[in-house]
Amino acid sequence: MSDYLTKVNSLRTTSILDVKSESPTVKIFTMEDRLCSKAKPGQFLMFWIPGIDEIPLSILDAGAGQVSVAVKKVGDATEHLHKMDRGQLVGVRGPFGNSFTETRGRVLLVGGGTGTAPLLFLAKRLAAKADRLSLVVGAKTRSELLFLKELDTVCTEEAVLTTTEDGSFGLRCLATEPLEGLLQKQSFNMVYTCGPEQMMRKVFDLAEKRRLPMEASLERLMRCGIGLCGSCVIGKYRVCRDGPVFNLSQLSEVKDEFGMSKLGFDGNIIPV
Ligand SMILES: Cc1cc2nc3c(=O)[nH]c(=O)nc-3n(C[C@H](O)[C@H](O)[C@H](O)COP(=O)(O)OP(=O)(O)OC[C@H]3O[C@@H](n4cnc5c(N)ncnc54)[C@H](O)[C@@H]3O)c2cc1C
Ligand code: FES
């Protein structure tokens with residue numbers, strides 16, 4: 001193991017500095033951590049909830065000695081975390097994995113659910129670099145649309161296209177539906193996506209058809225976070241070590257699994 005990996009892989013205990021509700025099911029937690037405060041958009045950390053579990057989370061923001069994550073309540077660990085408050089002790093390892101390539105030119109970001117978190121971090125970094133920053137962001141319902149205010153500020157309001165499945169805000173459809181039209185009307189140099197894997201698979205299919213450069217941030221079951229345990233495999237890759245961000249040609253290599261199947265908790269292959 002390299003000296004750098006040994007250093008970031010050490011578990012640091014830290015206390016929660018701040019907790020904010022972003023939606024009825026998503027909370028933002030901010031901690032002090034020198035190493036994670038240097039993370040780049042796309043990287044993740046392993047978050048230890050004492051006595052409960054350790055879970056992978058994308059980094060929402062980093063800087064000035066602090067790091068933030070947006071956590072959706074979905075099961076045991078995240079439910080416990082949602083009950084925690086300022087001052088309580090947690091642990092972090094990381095930052096792990098690669099990051100999005102920070103490109104110039106005309107950029108399209110496609111986000112769904114908590115996948116919008118790393119895209120907001122990326123959008124903030126790209127704001128000064130990109131010629132144009134457009135965003136399609138989707139959720140099941142209005143209350144689950146995340147970071148709209150921040151995204152409007154970073155991308156300019158008219159460049160943000162919003163979709164909800166129940167039609168309670170923006171277009172009534174999946175985030176991928178307006179994409180085909182958008183890609184026909186406007187030209188882009190790069191597409192970044194993060195969110196439900198079936199959504200990212202559709203973005204990939206559209207990008208592949210047009211030979212458009214793209215990067216997607218993938219999720220798999222993660223335990224070690226450093227490429228040792230094999231629980232996060234996709235094709236020849238380990239998502240924690242070789243990703244979580246994969247480009248078009250890497251995604252083409254794992255087409256049989258991407259958006260289709262993954263390893264479950266018991267080691268069996270399950271649908272995504
Ligand atoms: C690289 C990466 C980045 C992630 N970033 C975020 C983030 O920014 N915000 C966020 O809320 N969640 C994120 N996740 C997912 C998060 O890790 C899981 O939701 C969490 O581990 C669930 O734990 P639990 O005990 O609450 O739920 P469980 O009771 O363990 O499971 C509840 C549901 O979550 C799914 N799940 C469990 N573990 C994982 C896992 N390791 N990866 C993906 N799905 C899982 C299960 O299949 C199940 O459907 C990320 C996952 C990965 C791999
Ligand atoms: S989480 Fe262990 S190899 Fe990726």
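Which residue in E6 is the bridge partner of Glu32? It's Gln66. This is a predicted model, where local features need pLDDT of at least 70, side-chain atom pairs count only at pLDDT 80 or more, and totals for chains, interfaces and linings use all residues. Residues are numbered from 1 along each chain as its sequence is written, and side-chain values use heavy atoms, leaving out hydrogens and water.

**Around ligand 1**
- Ligand 1 has 18 residues around it, and Pro56, Ala70, Lys72, Ala77 and Thr78 are the closest; to be near, a residue needs a heavy atom within 4 Å.
- A polar backbone atom of Lys72 sits 2.7 Å from an oxygen atom of ligand 1, and for a polar backbone atom of Ala77 the distance to an oxygen atom of ligand 1 is 2.9 Å.
- On its own, ligand 1 exposes 840 Å², and the protein buries 79% of that (Shrake-Rupley method, 1.4 Å probe).
- Strand E4 (53-58) gives the most to this shell, with four residues (strands are DSSP runs of at least two residues).

**Strand E6 and its partners**
- Five of the seven residues of E6 are buried, so the rest of the structure largely encloses it (buried means under 20% relative accessible area, 1.4 Å probe, protein chains only).
- E6 runs antiparallel to strand E2 (residues 26-32), joined by seven bridges (strands pair if DSSP finds at least two bridges between them).
- Strand E5 (residues 61-63) is also antiparallel to E6, with three bridges.
- E5 and E6 make a hairpin with two residues between them, and Ala64 in the turn has a positive phi of about 50°.

Key: Chains lettered and ligands numbered in written order. Polar contact = N/O pair within 3.5 Å; in protein donor to acceptor, adjacent residues only side chain to side chain. Buried < 20%, exposed > 50% of the residue type's maximum accessible area, 1.4 Å probe, protein only.
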